[in-house]
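The structure is shown first.

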Amino acid sequence: SIPEGAVALDCEMVKVRSGRSGERFALGYCCVVDAASQEPLWSSCVRPNGQVVDYVTRFSGLDEARLRGAPSFEEAKAEIAQVLRGRFVIGHGLDADWKVL
């Protein structure tokens, strides 16, 4: 059975160049869904920090147009943290999702 208040988390990544650290993956989209009702609690593209060098569209479905006008990473991170606070989080490959959050 699904724990009460559980949510499912999924993140899509883009590759960015940031300063001297070279290329890294960054958050490009995040969705949080109530695991019981399957209602979305938060879903949005995210404008990552750094210059996007690869949208990884083949896997992420993201492109420049989808990220245009999206909330900044800082705004998204704060909103996502609020939604996840105190919740049991389930998902596939969560270690990669946590790294970009």
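Which residue in S2 does Val16 stand opposite? The residue opposite Val16 is Arg24. The model in which this pairing is found is a predicted one.

## Strands S1, S2 and S3

Strand S1 covers residues 7-17 and strand S2 covers residues 23-34. The two pair in the antiparallel sense, with 11 bridges between them. They form a hairpin in which 5 residues separate the strands. Gly19 lies in that turn and has a positive phi of about 60 degrees.

S2 is also joined to S3, by 5 bridges, and this pair runs antiparallel. Tyr29 has Cys45 in S3 as its bridge partner. S2 and S3 form a hairpin with 5 residues between the strands. Here Gln38 takes a positive phi, near 65 degrees.

## Helix H3

Helix H3 runs over residues 73-84.

Phe73, Ala76, Ile80, Val83 and Leu84 of H3 are buried. They lie on the same side of H3, because the arc they cover around the axis is only 90 degrees. The face turned away from this buried side carries Ala78 and Gln82, which are exposed. Among the elements that cover the buried residues of H3 are strands S1, S2 and S3, together with strand S5 (89-90) and helix H4 (94-100). After H3 comes Gly86, with a positive phi near 75 degrees.

## Cysteines

How many disulfides does the structure hold? The count is 0. Cys11 is in no disulfide, and the nearest cysteine sulfur, that of Cys30, is 3.8 Å away. A disulfide would need the two sulfur atoms within 2.5 Å. Cys11 counts as buried, because its relative accessibility is 4%.

For Cys31, the closest cysteine sulfur is also that of Cys30. The distance is 7.1 Å, so the two sulfurs are too far apart for a bond. Is Cys31 buried or exposed? Cys31 is buried, with a relative accessible area of 16%, and the cut-off for buried is under 20%.

## Ser44 in strand S3

Ser44 is a residue of strand S3. Its relative accessibility is 18%, so Ser44 counts as buried. Apart from neighbours within four places in sequence, Ser44 is in contact with Tyr29, Cys30 and Pro71. Of these, Tyr29 is the residue whose bridge partner in S3 is Cys45, and Cys30 carries the sulfur nearest to that of Cys11.

## Asp54 in strand S4

Asp54 belongs to strand S4, which spans residues 51-54. Asp54 counts as partly exposed, because its relative accessibility is 36%. The side chain of Asp54 reaches the backbone nitrogen of Val56 at 2.8 Å.

Which residues does Asp54 contact, leaving aside its neighbours within four places in sequence? They are Val14 and Lys15. Asp54 is also 9.5 Å from Met13, C-alpha to C-alpha, with the two 41 residues apart in sequence.

Methods. Residues are numbered from 1 along each chain as its sequence is written. This is a predicted model: local features need pLDDT of at least 70, side-chain atom pairs count only at pLDDT 80 or more; totals for chains, interfaces and linings use all residues. Side-chain values use heavy atoms; hydrogens and water are left out. Helices (H or I, at least four residues) and strands (E, at least two) are DSSP runs, numbered from the N terminus. The expected span of a helix is 1.5 Å times one less than its number of residues. Buried means under 20% relative accessible area, exposed over 50%, partly exposed in between (1.4 Å probe, protein chains only). The arc is that of the directions from the helix axis to the C-beta atoms. Contact means heavy atoms within 4.5 Å. A polar contact is a pair of N or O atoms within 3.5 Å; within protein, one must be able to donate a hydrogen and the other to accept it, and residues adjacent in sequence count only if both atoms are side-chain atoms. Two strands pair if DSSP finds at least two bridges between them.
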